[in-house]
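Good morning, colleagues. Please have the sequence and the coordinates open while I go through a few local features.

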Amino acid sequence: MSRPAPVNRVDEPLEPADGAERVLLRFLPDGTEVRVPSGTPIFDAASWNGVAIDSTCGGHGTCRKCKVQVLRGEVPVSALDPRAFSPQELREGWRLACRAPAREDVVVSVPPLQTRPKAALVGVGRHVILRPAVQKRYVELEEPTLEDQRSDVQRLLDAIDDLEPYAGLDVVRKLGRALRDAHFKVTAVIVDEELIDVEPGDTTGRRHALAFDLGTTTVVATLLDLESGQPLSVHSMLNRQQPFGADVISRISATMLDPGALEQLRDRAQETLAQLAVEACEEGGVAPEEIYEIALCGNATMMHLALGIDPEPLSMAPFVVTTHELPPTRAADFGVAVHPRAPAFVFPSLGAYVGGDIVAGMLATGLSRDKRVRLFIDVGTNSEIALGCNERVLATAAPAGPAFEAAQIRCGMRAAEGAIEGVRVEDDAIELQVIGDVEPMGLCGSGLVDCVAELVRAGLLDHSGRFVPDEDAARIAPRLSERLTKIGEERVFVLTPRGADPAESIYLSQRDVRELQFAKASIATGWTILLREYGIEPGDVQQVLLAGSFGAYLSPASAVRIGLVPRLALPRIVSAGNVAGEGAKIVLLSHRERAEAESIVREVEYVELSGRADFNDQFVDQLAFPG
Ligand code: FES
């Protein structure tokens, strides 16, 4: 073992811990600093923050490879340390990182890796060190004799004592036969602490898991190979609950009106998940029973419905969830036919309207670990907003209504073939971008935002959101002004002229502009209040992350133009993509990351907007388009 610097070498002052509950760790030689809750094992703090410490047991305390030297601060000697270090090394501060809780500010020297851990790159550009909860161990056991009468369970557990799992009754029932049929050459399948199966022969090369993003509209399943960390197949389909309404409120209402609806909604969610599992397995060439764990993220309503939990309390003040963290569940509880004892990891919810999908998004983007103050917005009917960095994170939910999904927009449609998804005004002419390059059929959410932003930029919409008078329009943009007309009493801007009757065309109406104003004002009010609570100005935000499928198509320039996001340099506004789905993959690839998901729920401060005295004033201020 190389000898890093002695204890008194580090003499720069550390910042004090920011309160009784968090401590500051500095990792040498690269100088990475992290704040974590007091008592967090040094190993966890390092791996959550991308500092690689050697390990082959994933923090279970059995490999004794996670050796670090504490150069500053006191860390108690654990029961395992004397087995790994000499008394002299212990005096020099050497500790096993996975058994070393940080209860005060510390400086830790991390030796270079002896074994390079496998890592996988996930969709948000983040490397995750591969440490799945699903573990396999191939063992060739001594057969029992009159001299060796250990029980079958003990015999197996003795052979895999680095994992120390427990065996449930189902496994105990089959164990005797399984061992003897396989001549005591078997593979033990362990998930977290549980022995879930014993398979004949050596199956260690095949470990799989399924990540589900259970959206109100779309459900996505990703089949993961846990050996390589790579996705084998991805399938998506519309949530079969659609006939009960497009949004969560309609589905909750259905359960309040019809006592049988909850069961039907549960069944439809489960059918959707089950079908996706079948399709993902077929395409990936994986037998369903080789899937040993699933992870699910979704909003609180979707999770309640998928498990048949009454969602009514979510819909009325004071808006409480039945539970933030569910009791242990299995894939079978979600109707997913994979390995019969595969556990299900369900992302915990922060509140009724900031669900597990947002916790998954925060995990994937590292919002609560990064030093930069970032603003995370998942734009939708219910928009979730989070603001913060590794010091503090605030979150809220803003009821934006359906404008961003183009519902209740006169020529609105879903983002499907034929939808105008982009609008550009240049030299008094208009250019439309249509999904599928076909004849335009309507306007989807991103097209609506673009259209309004471009008409504000061109001067045809004023900052209050009104179409300017015809004579002003003719002066400002003579050719475009010809598209301004009326349908009945309402002024409209025609995007695709069709014949003499403007009602036959695709157009933007004055009322559509108002709908968008209400929606964007709701979100802008949300982040304005979070900024105020945080005590910072919009310019202090270092990055805006637009999450979800809508965020992926939204033009940053248009988002700034209409005031949906703070006015920042455009490179600081980025689309984060489907971060919820990425979060679900991450917890399957690394069981350490799920502890972080759980700590997000404990640490993020939820700010309730309804009932705030300043909400209405802020909302009215945010209705206008920025000048
Ligand atoms: S990580 Fe294996 S003993 Fe600490």
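**Local features of a predicted model**

Let me begin with a residue in helix H8, which spans residues 300-306: Thr 301. Please bear in mind throughout that this is a predicted model. Is Thr 301 buried or exposed? Its relative accessibility is 1%, and buried means under 20%, so Thr 301 counts as buried. Which residues does Thr 301 contact, once its neighbours within four places in sequence are left aside? They are Val 248, Ile 252 and Leu 314.

The loop between H8 and strand E18 (329-330) holds Pro 318. The bond joining Ala 317 to Pro 318 is cis, with omega at about 5°. Another cis peptide bond runs from Leu 28 to Pro 29, and here omega is near 15°. Where does Pro 29 lie? Its place is the loop between strand E1 (22-28) and strand E2 (32-37).

I turn now to backbone phi angles. Phe 184 is not a glycine, although its phi is positive, at about 65°. This residue sits in the loop that separates helix H5 (169-181) from strand E12 (185-191). Phe 184 has a relative accessibility of 3% and therefore counts as buried.

How does the accessibility of Asp 192 classify it? With a relative accessible area of 34%, Asp 192 is partly exposed, since that class lies between the 20% and 50% cut-offs.

Helix H9 covers residues 356-365 and helix H16 covers residues 579-589; their axes come within 7 Å and cross at roughly 75°. Angles of 65 to 115 degrees count as roughly perpendicular, and H9 and H16 are therefore roughly perpendicular to each other. Which residues make this contact? On the H9 side they are Asp 357, Ala 360, Gly 361, Leu 363, Ala 364 and Thr 365. H16 contributes Val 579, Ala 580, Glu 582, Gly 583, Ala 584, Ile 586 and Val 587. Sorted by class, the contact of H9 with H16 comprises 8 nonpolar, 3 polar and 2 charged residues.

Thank you for your attention; I would be glad to take questions.

Conventions:
Residues numbered from 1 in each chain as written. Predicted model: local features only at pLDDT ≥ 70, side-chain atom pairs only at ≥ 80, totals over all residues. Heavy atoms only, no water. Helix = DSSP H or I, 4+ residues; strand = E, 2+ residues; numbered from the N terminus. Buried < 20%, exposed > 50% of the residue type's maximum accessible area, 1.4 Å probe, protein only. Contact = heavy atoms within 4.5 Å. Axes fitted to C-alpha atoms, helices over the stretch in contact; angles between N-to-C directions. Parallel < 35°, antiparallel > 145°, perpendicular 65-115°, else oblique. Nonpolar A, V, L, I, M, F, W, Y, C, P; charged D, E, K, R; others polar.
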